[in-house]
Every structure is written in structure tokens, then in C-alpha cells.
Amino acid sequence: MRHCLKYLVLGGAMLALQSNAQAIEFNQVQLAKSSLMFVSKQMNVPVEGQFKSFRSKIAFDPAKPAAARAELEIDMASIDAGSKDANDEVAGKDWFNTKTFPIAKFVSTSIKPLGGDRFEVAGKMSIKGKTRDLTTTVMMRQSGDSATFDGSLTLKRVDYGIGEGMWADFSVVANEVQIKFRLVASATKK
Amino acid sequence: MNIRRNNSSASGSGYTHVAIGLHWLIAFAIVGSFSLGLYMHELPLSPQKLKLYSWHKWAGVTIFVFVLLRLGWRLLHRPPELPTDMPAWQRVAAEATHVLLYVLMIAVPLSGWLMSSAKGFQTVWFGVLPLPDLLSKNKELGDTLQQLHMLLNFSMAALVIAHLGAALKHHILDRDEVLTRMIPFLEKRQTNGDVK
């Protein structure tokens, strides 16, 4: 009986997907398929890095994007800044001060459809104890019961005090850091 | 074997001004960037270190370009012959040293470039012209190439010392024109001295 119910629900979900894709909400973030990369410029040389550990909560109903919410929590110690030297350095007080501020957080405040698959996501980004407003354009691709959210934005180091002291010299490490994120979320029926 | 003591080069012509200019330009650039490399790699991470690494890489690419120009010039302009009274083993040693020096002048910057790519730091010449990364990021390969870069550099340092020693030996002991044809003003000064 349980199985029957499960199949009924699944079948119903699939029907719903086919007939009315709006009746679903993408809210199960699949971390294994998601990524959080960044590119800094050192002496005008682009250097790639990433955060390996983060958590995300998304609630996105394509029918009601304005009601969608997104949250992201990043474990700052999981940074790979390109080399061991760099990883040791950026954990320090001049950079992320990971001991005192182990987690960076983004919480969305508004999500607006821009037409097509694009959405403007505004929210509050907190890094190293400093919170700033942030806006980014996110591209959503839906395939079956999962949705991929891709976006990129530019953070300014100076806004969050990332790289202070001798590192405040933007001619060596640029102020602008390019962030590229991909979050994949699967749907559960509402 | 030529038994006759003959201090003049067989061809009778010296190096062109361009060849002399390129020799010294590259020589000083190599000594400079070798010293910089030795100094910078032990520094703790700092903006200064990142600057020095970039300058070292720019210098390496620049030297590489000048070495290519120099090789091209050398193919078109035959360098003067060695003194005819040199023993055969010295000729062989001189030839081998010169060939190896050219090989290393090409191999050292190449190894540095590949090492940078493998370590995930692209080379952007003067911060403007990005060189392609022939290797993708790979820590172990990067470390191996670092060892290679160092080995090639110390081989080059040893050869440069041999080259320098041989040049001085030609000048001081053999009293031939091997050194003065690469340092024309030295010849003039000596001539003036002889006149006194």
C-alpha cells in the first residue's frame, strides 16, 4: 500500500511536471553538483580558487519567483586560494580571519524575474563581520526535477576588509574579485 | 694541429655590434633574474613576493625573446673562429659549452613557464600579454618542474662560471683576443696602455 501511494505521488508529480511545471518548488540543494568559485587578479594574473564546503537553502517556485528565498553559508576554512601558501595566508587576520569569522553568509531579500530564465537576486552578504547589500543576476535552467542556478558577481575586497594591511595595495591583488556560483536544487512537490 | 703561435682569429673578423650588444644584454639579464630567483623563492608570502615573482617571469620571457633574436642573428652572421692555436680538447670544450649555454638559455625560461602553468599561475607578460598555459594545474608536476627549473639554473650557473673562467684564461694567460672581441673597449684601453 505504501509503495502504491509512493508511485501514485511520483506519478502525480511527473504529471504535474508535464502539465503544469509551476506546481513544484526547487528546494533540495545538491551540494555535490554545486560549486562556489572565485577569480582574483594578482599582478594582473587571474588566479582561480574555490570554497569546498558550504550549505545552501533554496526555495524557488518558478510560478512565484518573487516569493523565492535563497540562503548560503560558506565555511571559510574550506578555501582553496590556489596554493598552500595562499591558503595559510588568507586564513589570517588581514584576510578572512577564519578563526573569529568561520562562516560567511548570504541571505536573499528580494528576487525579481527579469524575463526568460533570468532573475535579479538581491540580498545581504556578510563576510568577516561586515554586511553589505549585494545584487546579482542569476540564470535558471530547469531540467526535469532539478534546476541549476548560475550566477556571477564582483565583490570588492575593500567592502569587507578582505586583505588589509600590506595587502590593501590593489596594484598587487586587485580590489575586484570575480565570484562564480552554481547551485543545483532538486524539486519536491509542494 | 697548428703549432704556430697565432693570436688572430682565423676569420679575421670580429663579432658584429648587434652580437656583442645581445651577448651583454642577455648576460646581465640572466645574472639579474637568476639572483632574483634565488632571493625571492624563500620569502614569506607578501605583496612584495608576488611583485618579484611577476618581474622574474617577465624577465624570463624577455630573455627568451632576446635569445631567439640572438640565435637568428647568429645564423645569419657567423661568429668569428676560435684562435687557431687552441688545443683540440679546448675547442671541443668551448663548442660544447656554447651549445649547452644556448640550450639552457632556451630551456630555463621554458621550464619556468611550464612550472608556472602547472602551479596554476599563468604568465602575463608585463601584466599585459597572457601566455597560454600549455599545462593545466597539477601540483606534483609543478613541484617536479620546479626541481627541473632549479637544476637547469644551477647547471647554467656552472657553465657561466666555466665560460667566464675560460674567457679570463684566454685574456690573461693566452693573451689572445677571445675576450677583447666581446669587450671592444677593453682592447682599446690595452692598446693605449701598450703605447705608454
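The model is a predicted one. Its largest nonpolar core has 36 residues, and apart from that core lies another, of 7 residues.

**Nonpolar cores**

- Within the largest nonpolar core, the residues with the most contacts inside it are Ile58(A), Ile74(A), Leu183(A) and Ala185(A), while strand E11 of chain A, which covers residues 176–189, gives the most to this core, with 5 residues.
- Leaving aside residues up to four places away in sequence, Ile74(A) touches Leu36(A), Phe51(A), Phe54(A), Ile103(A) and Ala104(A).
- The other core, of 7 residues, includes Ile63(B), Val67(B), Leu104(B) and Met156(B).

**Chain B as a whole**

- Chain B contains 5 helices and 2 strands, which follow the pattern α-α-α-β-β-α-α when read along the sequence.
- Of the 196 residues in chain B, 18% are buried, and among the contacts in this chain with a separation of 6 or more, 70% join residues 24 or more positions apart.

**Helix H2 of chain B**

- Helix H2 of chain B runs over residues 47–76, and its 30 residues reach 44 Å from the first C-alpha to the last, close to the 44 Å expected at 1.5 Å a residue.
- The buried residues of H2(B) are Leu50(B), Tyr53(B), Ser54(B), His56(B), Lys57(B), Gly60(B), Ile63(B), Val67(B) and Arg70(B).
- An α-helix has 3.6 residues a turn, so residues three or four places apart point the same way.
- In chain B, the buried residues of H2(B) pack against helix H1 (17–40) and helix H3 (88–118), and in chain A they pack against strand E2 (35–42).

Key. Residues are numbered from 1 along each chain as its sequence is written. Chains are lettered from A and ligands numbered from 1 in the order in which they are written. This is a predicted model: local features need pLDDT of at least 70, side-chain atom pairs count only at pLDDT 80 or more; totals for chains, interfaces and linings use all residues. A nonpolar core is a set of buried Ala, Val, Leu, Ile, Met, Phe, Trp, Tyr and Cys residues joined through C-beta atoms within 7 Å. A residue is buried if 20 or more other C-beta atoms lie within 10 Å of its own, exposed if 12 or fewer, and partly exposed in between; C-beta atoms are placed from the backbone. Helices (H or I, at least four residues) and strands (E, at least two) are DSSP runs, numbered from the N terminus. Two residues are in contact if their C-beta atoms, placed from the backbone, lie within 7 Å. The expected span of a helix is 1.5 Å times one less than its number of residues.
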